[in-house]
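Subject: Structure for you to look at

Dear colleague,

I am passing on the structure we spoke about, and below it you will find my notes on what turned up. Please read them with the model open beside you.

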Amino acid sequence: MSVAFGVIRDRQDQLFLHLEQTYPSHRVLRDKIEEPILWLRSPDELVPMIEALRREPATQFDRLSDITAYDNIDHVDGPKRLIVVYQLYSLQHHTRLRLKIAIDQDESVPTLTVVWGAANWLEREVFDMFGIRFAGHPDLRRILMDERFVGHPLLKEYELEARQPFSDSLPVRIATGFESPEESH
Amino acid sequence: MGKDGSASYIPTRLDYAVKWAQKNSLWPMPFGTSCCGIELMSTLSGTYDLSRFGSEVVRFSPRQADLLLVAGTITTKMSPVLRQIYDQMLEPKWVIAMGACSSSGGIFNTYSVLQGIDEIMPVDIYVPGCPPIPEGLIYSILRLQEIVEKGLPRKQMHKLTREEARNAMNFRQAIGESLFESGETGATPSGPAEIKGETR
Ligand code: SF4
């Protein structure tokens, strides 16, 4: 085991304790490789929470690695249908944090494009695959599938082999009027 | 031209000469979309050196290519693009489907992947494998040269139904007539004794 690995493991433990103390009313778990998972109680908490995690010296999560989701159709993770997952990384501490929000299919999640411009395409992908709406997103279009595609293929009720071929492709459209968060501040 | 510089003529039929020229200058347009593309690059580069067979001039413009080499997974979103490239190529043109993905969709029987490029264009040669080894691709080019030289007709691939694919005996029945020479086809399901002599 290398020294660096031990150091990061220590930081993960510290981060976990810090999160447990700072957010006593939230569920804080650890996954199989001991990375912390923080469950948010409602979508409204997301942006204030992320801004706090980004600002505070103890956490300093300044990079958004990924946004994804999964279909909680068997209700292993509670009664709500979809789980949105945010994977954060701290370039300062070299630690990672996973945020999870459970939502129903008719609920929407606030966009993170106000914090990170990188969230734009990631949220478009989650919208494309799961139909999750991000409130306030500047350009919420499909990104992987064709724009004429009907349905959201990673939902479990979408039939696996239901292909929707089109005989032509749509021209590329670049979104207009989008400003990155840095420019607009 | 003789070795000593004297001029000489080789009498030949024009169509034979044209076919000979076509066969030995199959310029490929590579359409590598995933892992098979890596194997294709390996075939084109020094170790396997596809230029030994007259296919060295890789053309990234479909107007200058004779052979469309589709190497990789073709998604339904990519298929109009591929079809347009095929339409832009000038006659005569040939198509090789390299690998399981471009032949039949391969392991990706999903919402986003085209189940074989023969759904959108005629295909001359299917190269099996995931990915095919470079020798397999070279063999397919040699087969294609044979097709070009002899002017062989393009055969329709028989796509198996689920029931046919489930049973190896039925598989033999289904593709027996089209794949093997007539007369040798042991299409009757009478046991493994007949399986010898199946090699091409
Ligand atoms: S056939 Fe196999 S190697 Fe070739 S593109 Fe498909 S998955 Fe990749």
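B:Arg83 and B:Asp87 are separated by about one helical turn, because the two are 4 residues apart in helix α3 of chain B; helices here (H or I, at least four residues) and strands (E, at least two) are DSSP runs, numbered from the N terminus. Their side chains meet in a salt bridge, with 2.9 Å from N to O, where a salt bridge is a side-chain nitrogen of Lys or Arg within 4 Å of a carboxyl oxygen of Asp or Glu. B:Arg83 is partly exposed, with a relative accessible area of 31%, and B:Asp87 is partly exposed as well, at 45%; the terms are buried for under 20% relative accessible area, exposed for over 50% and partly exposed in between (1.4 Å probe, protein chains only).

Before going further, please keep in mind that this is a predicted model, in which local features need pLDDT of at least 70 and side-chain atom pairs count only at pLDDT 80 or more, while totals for chains, interfaces and linings use all residues. Residues are numbered from 1 along each chain as its sequence is written, chains are lettered from A and ligands numbered from 1 in the order in which they are written, and side-chain values use heavy atoms, with hydrogens and water left out.

Over all chains the structure holds 18 salt bridges. One of them joins A:Arg81 to A:Glu157, with the closest N and O atoms 2.7 Å apart. This pair links distant parts of the chain, since A:Arg81 sits in the loop between β3 and β4 (82-90) of chain A and A:Glu157 in the loop between β7 (133-135) and α4 (181-184) of chain A, 76 residues apart. A:Arg81 is buried, with a relative accessible area of 14%, whereas A:Glu157 is exposed at 51%. In another salt bridge, between A:Arg41 and A:Glu45, the closest N and O atoms are 2.7 Å apart; here A:Arg41 is exposed, at 53%, and A:Glu45 is buried, at 18%. A:Arg124, A:Asp139, A:Arg141 and A:Glu147 are linked in a network of salt bridges.

Turning to the interface, 18 residues of chain A are in contact with 11 residues of chain B, contact meaning heavy atoms within 4.5 Å. The two chains bury about 1,100 Å² between them, 56% of it on carbon and sulfur atoms, where buried area is the accessible area (1.4 Å probe) that two parts lose on being put together, summed over both. Of the area that chain A buries against chain B, A:Leu160, A:Glu161 and A:Arg163 supply 43%, more than any other three residues.

One residue to look at here is B:Ser112, which is found in the loop between α4 and β4 (125-127) of chain B. B:Ser112 counts as buried, at 17% relative accessibility, and, not counting residues up to four places away in sequence, touches A:Met145, A:Arg163, B:Thr75 and B:Thr76.

The ligand is surrounded by residues that include B:Cys35, B:Cys36, B:Cys101, B:Cys130 and B:Pro131, a residue being near a molecule if one of its heavy atoms lies within 4 Å of it. α4(B) gives the most to this shell, with 3 residues. The shell divides into 7 nonpolar, 5 polar and no charged residues, with Ala, Val, Leu, Ile, Met, Phe, Trp, Tyr, Cys and Pro counted as nonpolar, Asp, Glu, Lys and Arg as charged, and the others, Gly among them, as polar.

Finally, some notes on the backbone. The peptide bond from B:Cys130 to B:Pro131 is cis, with omega near -10°, and B:Pro131 lies in the loop between β4 and α5 (134-150) of chain B. The bond from B:Glu91 to B:Pro92 is also cis, with omega near -5°. In chain A, A:Glu34 has a positive phi of about 70° although it is not a glycine.

With best wishes
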